[in-house]
Amino acid sequence: MTQRDIWYVSFGPDRADESATSMVRSTRTFKSEIDAKLFAMQILSKGWIASAGTLNPHRPKQVVGPSQIEQWADPQLDGKALNSKALRG
């Protein structure tokens, strides 16, 4: 039997980004929290917004909102914004 996906990352362009008007929010699922975190870091490096969490019926239920996702994905950031305008040039 194969392991089920237990984590999701929901993502999309920042609503303030006028060049991304045709892009919609999407979701990907993952078998491990590490894989979900790595993907979230890729999304955040694009300057997009994301949220994450566990899928039902996985327990304990975990939800990571957009305001917490940078710290969840990379605790070593210690409050340094990954998607800051300074990093984008």
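Predicted model: local features only at pLDDT ≥ 70, side-chain atom pairs only at ≥ 80, totals over all residues.
Which residues of α1 are buried?

Figure 1. Residues are numbered from 1 along each chain as its sequence is written, and side-chain values use heavy atoms, with hydrogens and water left out. Helices (H or I, at least four residues) and strands (E, at least two) are DSSP runs numbered from the N terminus. The buried residues of α1 are Ala 36, Lys 37, Phe 39, Ala 40, Met 41, Ile 43 and Leu 44; buried denotes under 20% relative accessible area, exposed over 50%, and partly exposed in between (1.4 Å probe, protein chains only). Their cover includes β1 (7-12), β2 (26-30), β3 (49-54) and α2 (69-73). Just after α1, Gly 47 adopts a positive phi of about 85 degrees.

**Figure 2. Salt bridges of the model.** The structure contains 2 salt bridges, each defined by a side-chain nitrogen of Lys or Arg within 4 Å of a carboxyl oxygen of Asp or Glu. In one of them, Lys 31 pairs with Asp 5, with 3.2 Å between the closest N and O atoms. Lys 31 lies in the loop between β2 and α1 and Asp 5 in the segment before β1, so this pair ties together parts 26 residues apart in sequence. Lys 31 counts as partly exposed at 40% relative accessibility, as does Asp 5 at 29%. A salt bridge also joins the side chains of Glu 33 and Lys 37 (3.8 Å, N to O). Both residues belong to helix α1 and stand 4 residues apart, about one turn of the helix. Glu 33 is partly exposed, with a relative accessible area of 29%, whereas Lys 37 is buried.

Figure 3. Strand β1 pairs with β2 in the antiparallel sense over 5 bridges and runs antiparallel to β3, to which 6 bridges join it; pairing requires at least two DSSP bridges between two strands. The bridge partners of Phe 11 are Ser 26 in β2 and Ala 50 in β3.

**Figure 4. The largest nonpolar core.** This core has 17 residues, and those with the most contacts inside it are Val 9, Phe 11, Ile 69 and Trp 72. A nonpolar core is a set of buried Ala, Val, Leu, Ile, Met, Phe, Trp, Tyr and Cys residues joined through side-chain atoms within 4.5 Å. At least two core residues come from each of β1, α1, β3 and α2, and α1 provides the largest share, 6 residues. Beyond residues up to four places away in sequence, Phe 11 has contacts (heavy atoms within 4.5 Å) that include Phe 39, Ile 43 and Trp 48.
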